[in-house]
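Me: I would like to learn how to read a model of this kind with some care. Could we go through it feature by feature?

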Amino acid sequence: MSPPPAASAPYEEYSPEAIQAMMDAVTQEQASAWKHAVAALALIGLGAMLLMAQASYSPFDATMDTAGVGGIANWLGKPGAWLANISMQTLGLGGLLASALMVFSGVRRLLGRTSFVQSKSDRAGRALIYMGCVILGAATLSAFPIPQNWPMGAGLGGWFGDLMHLGLK
């Protein structure tokens, strides 16, 4: 967008069409910035909810595949218990990595530390890098010995981590 005409410019340069064009450009930029901020806050919120659900995970919560003992101890209630159970089974502690990356990505986007993605192929590339980091992180966690008090049948990296780790061996 070009800067507005100088104050000393002749009156003819301030035609209603030129003024309307400048206002439209400013309005579009503000709407775009608003959309990016809302998307960043949604990403931060979703990542924070996942972190809270996983941080308060209890193997004794009643979920889809466990009967549970007593009340639900998860900070987010029954939905948090279900989400944490699915995350711990599929990604193990790699679910914490996925949640932390979501929060980090949202904060970076909110602070404007990253250029906004312009094309769908850029977005797809970033999503593939994100998923690759999470899956390889889970595979790395699966390489560690399983502690005796680990409540899952899979290793520390969950099903995906075990699949990658044992498949790469």
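Me: What mean pLDDT does the protein chain have, and which elements score lowest and highest?

Reply: Where pLDDT is low, the predicted coordinates should not be read in detail. This model is predicted, and its protein chain averages a pLDDT of 86, with 88% of the residues scoring at least 70. Among the elements, α1 has the lowest mean, 85, whereas α2 has the highest, 94.

Me: Which residues of α5 are buried, and how do they lie around the axis of the helix?

Reply: In α5, which spans residues 158–168, the buried residues are Gly158, Gly161, Asp162 and His165. They line one face of the helix, because they fall within an arc of 95° when seen down its axis. What covers these buried residues includes α2 and α4, while the face turned away from the buried side carries the exposed residues Leu163 and Gly167.

Me: Is Ala40 buried or exposed, and which residues does Ala40 touch?

Reply: Ala40, which lies in helix α1, counts as buried because its relative accessibility is 0%, under the 20% cut-off. Leaving aside residues up to four places away in sequence, Ala40 touches Gly106, Arg109 and Leu110. The C-alpha atoms of Ala40 and Met102 are separated by 9.5 Å, although these residues are 62 residues apart along the chain.

Me: Where does Trp75 lie, and which residues form a nonpolar patch with Trp75 on the surface?

Reply: Trp75 lies in the loop between α1 and α2, and counts as exposed because its relative accessibility is 58%, over the 50% cut-off. Together with Met49, Met52 and Leu76, Trp75 forms a nonpolar surface patch with about 410 Å² of accessible area.

Definitions and conventions. Residues numbered from 1 in each chain as written. Predicted model: local features only at pLDDT ≥ 70, side-chain atom pairs only at ≥ 80, totals over all residues. Heavy atoms only, no water. Patch = residues over 30% accessible without salt bridge, like charges linked within 9 Å, V, L, I, M, F, W, Y side chains within 5 Å. Areas by Shrake-Rupley, 256 points an atom, 1.4 Å probe, with all protein chains shown as cover. Salt bridge = Lys/Arg side-chain N within 4 Å of Asp/Glu carboxyl O. Helix = DSSP H or I, 4+ residues; strand = E, 2+ residues; numbered from the N terminus. Buried < 20%, exposed > 50% of the residue type's maximum accessible area, 1.4 Å probe, protein only. Arc of directions from axis to C-beta. Contact = heavy atoms within 4.5 Å. pLDDT = per-residue confidence, 0-100.
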